[in-house]
Amino acid sequence: EDNPAMGCRAIRLCLTRRDFFKTQLKALLRASAYGNLGIMFPMIISARELHECKELIKECTEELQEKGVSVGKYSIGVMIETPAAVMIADELAEECDFLSIGTNDLTQYTLAIDRQNAALDPFLDTHHPAVLREIKMTIEAGHRHGAWVGICGELGADLTLTETFLRYGVDELSVNPVSILGLRKVIRGIDLRKTPGETE
């Protein structure tokens with residue numbers, strides 16, 4: 001494709017190759033019988049796509065149970081990676097257990113900047129007010145409907161934003177293992193009862 005970032009990827013690929021998708025879903029459903037499982041759909045931009053995914057899960061569950069395969073409990077979530085998903089976050093959260101904000105793609109699509117194009121680095125502002133506002137809006141939407149909200153991608157490990165995200169009410173920060181200790185130290189030093197900048 002001329003522009004693969006805007007092309008047939010993630011959930012679009014799954015919904016156009018349903019046999020392939022159902023094989024993956026059945027594997028996940030089999031695994032659900034052995035412990036906690038969360039099924040998260042990437043690049044969702046409409047409630048229709050989420051409905052189709054949930055219908056396929058139902059179909060796969062019935063097919064497995066007809067063969068005597070046990071299916072356990074699982075949670076369902078979506079990746080919030082586009083401005084479109086942010087704008088309908090209330091609608092998505094109403095039908096999900098969790099939302100995960102993919103900050104890398106969300107930044108790329110919000111700012112209309114190709115993250116792979118080094119020539120655009122001077123224009124790339126990962127702390128752009130629009131991106132931060134979208135993150136806050138998504139967290140608030142998730143909580144309005146009882147869904148927990150996580151942040152993943154590079155911003156999850158950005159220690160200059162950790163307090164901001166905690167004050168937004170984020171429930172989870174997903175980071176690489178090498179970032180855990182530094183992030184934990186910063187979190188332990190934050191007192192959310194104080195206003196930003198307040199000292200003893």
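Q: With which residues is F41 in contact, leaving aside its neighbours within four places in sequence?
A: F41 is in contact with I11, F21, L25, L50, C53, I57, I76, G77, V78 and M79, where contact means heavy atoms within 4.5 Å. The model is predicted, so local features need pLDDT of at least 70 and side-chain atom pairs count only at pLDDT 80 or more, while totals for chains, interfaces and linings use all residues. Residues are numbered from 1 along each chain as its sequence is written, and side-chain values use heavy atoms, with hydrogens and water left out.

Q: What makes a set of residues a nonpolar core, and which residues have the most contacts inside the largest one?
A: Such a core is a set of buried Ala, Val, Leu, Ile, Met, Phe, Trp, Tyr and Cys residues joined through side-chain atoms within 4.5 Å. The largest nonpolar core has 46 residues, and F21, F41, I135 and F165 have the most contacts inside it. Helix α3 (residues 47-66) gives the largest share of this core, six residues. Helices (H or I, at least four residues) and strands (E, at least two) are DSSP runs, numbered from the N terminus.

Q: Why is C53 called buried?
A: Buried means under 20% relative accessible area, exposed over 50%, and partly exposed in between (1.4 Å probe, protein chains only). C53 has a relative accessible area of 0%, and is therefore buried. C96, with 8%, is therefore buried as well.

Q: How do you know that C53 is in no disulfide?
A: A disulfide is a pair of cysteine sulfur atoms within 2.5 Å. By this rule the count comes to zero. For C53 the nearest cysteine sulfur, that of C14, is 7.4 Å away; for C96 the nearest, that of C53, is 9.6 Å away.

Q: Why is α6 described as largely enclosed by the rest of the structure?
A: Seven of its nine residues are buried, so the description applies to α6. The buried residues are T103, D105, L106, T107, Q108, Y109 and L111. They pack against β2 (75-80), α4 (83-87), β3 (98-102), α7 (129-144) and β4 (148-152).

Q: What makes T107 a buried residue?
A: T107, found in helix α6 (residues 103-111), has a relative accessible area of 3%, and is therefore buried. Leaving aside its neighbours within four places in sequence, T107 is in contact with L124, D125, T126 and V131. A polar atom of the T107 side chain lies 2.7 Å from the backbone oxygen of T103.

How values were computed: Polar contact = N/O pair within 3.5 Å; in protein donor to acceptor, adjacent residues only side chain to side chain.
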